[in-house]
Amino acid sequence: MSGEQPRTFRSMFISDVHLGSKAAKAEFLIDFLRHHDADIIYLVGDIVDGWRLRRSWHWPQSHNDVVQKLLRKARKGASITYIAGNHDEFARQFQGVHFGGIVVADRAIHETADGKRLLVIHGDQFDTVVHNARWLAYLGDHAYDAAMLVNRVVTRLRQLLGLPYWSFSSWAKANVKKAVNFIGSFQTMLAEEARRSHVDGIICGHIHHAAIENFGDVRYINTGDWVESCTAVVEHFDGRLEILTWAQVLPEMPEEPFIPLLIEDRVGQAA
């Protein structure tokens with residue numbers, strides 16, 4: 001894709017980047033943003049991980065580069081809305097404020113090219129653990145850190161063996177019964193919120209599980225994350241929604257056994 005123009009979409013939805021955490025795949029997101037553009041961009045919560053930054057400061061240059069890349073897109077005319085999440089809940093006090101062309105909001109209504117109205121919200125408001133038992137949420141956050149450590153070890157071993165990228169944590173989430181039940185319950189609650197809001201669908205993040213599904217007359221869309229699966233949702237100019245994954249942004253090099261090496265090589269190039 002070197003030298004080619006970015007693929008351009010009508011709108012793009014990205015969430016759960018968790019800048020400020022060691023697990024954030026900032027380099028991969030920079031590469032994705034370099035090769036994908038949109039007129040309208042929604043940052044659907046947990047872009048910055050305030051929880052981890054309070055525990056220990058971690059902000060490498062790649063995390064700053066993500067912020068600069070987004071600000072550059074805003075300067076070039078993209079309409080960017082930052083929807084606050086639970087890890088960046090500090091942003092909720094700045095609703096309606098513009099930062100470098102990026103406006104902060106708690107929720108938004110997006111109208112697609114084919115006339116569908118979609119509620120855009122992070123989704124933590126419908127997670128009973130986060131909402132009602134904050135201490136348990138913090139405990140779960142530490143457990144998530146441990147899962148990410150296992151994920152990094154597995155990733156490194158697969159790299160040494162010449163195997164493609166595979167997310168242990170994503171696999172566990174999709175196969176452990178309690179996690180599957182939690183995802184199903186979360187999706188049902190979000191679909192109900194869409195009905196209460198009299199919209200055609202809902203776009204959210206929070207649970208790090210990308211999906212586009214229909215719940216009766218309501219469409220549920222989850223953007224996924226940039227910690228495990230590295231996914232984004234895009235809207236084509238005809239209104240069609242699609243999940244794009246980081247591993248698919250380099251289709252011309254399918255034989256490369258470990259794509260992160262390619263991504264890292266590119267990070268040093270000019271954005």
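Mentor: Start with a definition: two strands pair if DSSP finds at least two bridges between them. Strands themselves are DSSP runs of E, at least two residues, and helices are runs of H or I, at least four, both numbered from the N terminus.

Trainee: Is this from an experiment or a prediction? What should I know about the numbering?

Mentor: This is a predicted model, so local features need pLDDT of at least 70, side-chain atom pairs count only at pLDDT 80 or more, and totals for chains, interfaces and linings use all residues. Residues are numbered from 1 along each chain as its sequence is written, and side-chain values use heavy atoms, with hydrogens and water left out.

Trainee: How many helices and strands are in the chain?

Mentor: The chain has eight helices and twelve strands.

Trainee: Back to pairing. How do β7 and β8 pair?

Mentor: They run in the parallel sense, over three bridges. Look for Val120, which stands opposite Ile203 in β8.

Trainee: Which other strand does β8 pair with?

Mentor: β8 also pairs with β10, residues 218-222, in the parallel sense over four bridges. There, Cys204 stands opposite Asn222.

Trainee: And which way do the residues of β8 point?

Mentor: Gly201 and Ile203 point one way, Ile202 and Cys204 the other. All of them are buried. Buried means under 20% relative accessible area, exposed means over 50%, and partly exposed is in between, using a 1.4 Å probe and protein chains only. In a regular strand, side chains alternate between the two faces of the sheet.

Trainee: What share of the chain is buried?

Mentor: Buried residues make up 50% of the 271 residues.

Trainee: OK, new topic. Which residues touch the most other members in the largest nonpolar core?

Mentor: Met12, Ile14, Leu29, Phe32 and Trp226, out of 34 residues in that core. A nonpolar core is a set of buried Ala, Val, Leu, Ile, Met, Phe, Trp, Tyr and Cys residues joined through side-chain atoms within 4.5 Å.

Trainee: Which element gives the most to this core?

Mentor: α1 does, with six residues. Nine of the ten residues of α1 are buried, so this helix is largely enclosed by the rest of the structure. The buried ones include Phe28, Leu29 and Phe32, but also Asp31 and Arg34.

Trainee: What does Leu29 touch?

Mentor: Leu29 touches Ile14, Val17, Val66 and Trp226, leaving out residues up to four places away in sequence. Contact here means heavy atoms within 4.5 Å. There is also a second, separate core of 15 residues, with Leu119, Leu190, Ala191 and Cys204 among them.

Trainee: Let's do charges. How many salt bridges does the structure hold?

Mentor: Eleven. A salt bridge is a side-chain nitrogen of Lys or Arg within 4 Å of a carboxyl oxygen of Asp or Glu.

Trainee: Which residue forms one with Asp124?

Mentor: Arg92 does, with the closest N and O atoms 2.8 Å apart. Asp124 lies in the loop between β7 and α4, and Arg92 in the loop between β3 and β4, so the pair ties together parts that are 32 residues apart in sequence. Asp124 is buried, at 5% relative accessible area.

Trainee: Are Glu193 and Arg196 buried or exposed?

Mentor: Glu193 counts as buried at 9% relative accessibility, while Arg196 counts as exposed at 51%.

Trainee: Last one. Where is Asp49 found?

Mentor: Asp49 sits in the loop between β2 and α2. It is buried, with a relative accessible area of 0%. Beyond neighbours within four places in sequence, Asp49 is in contact with His18, Leu19, Ser21 and His87. Gly20 is 29 residues from Asp49 in sequence, yet the two are 5.5 Å apart in space, C-alpha to C-alpha.
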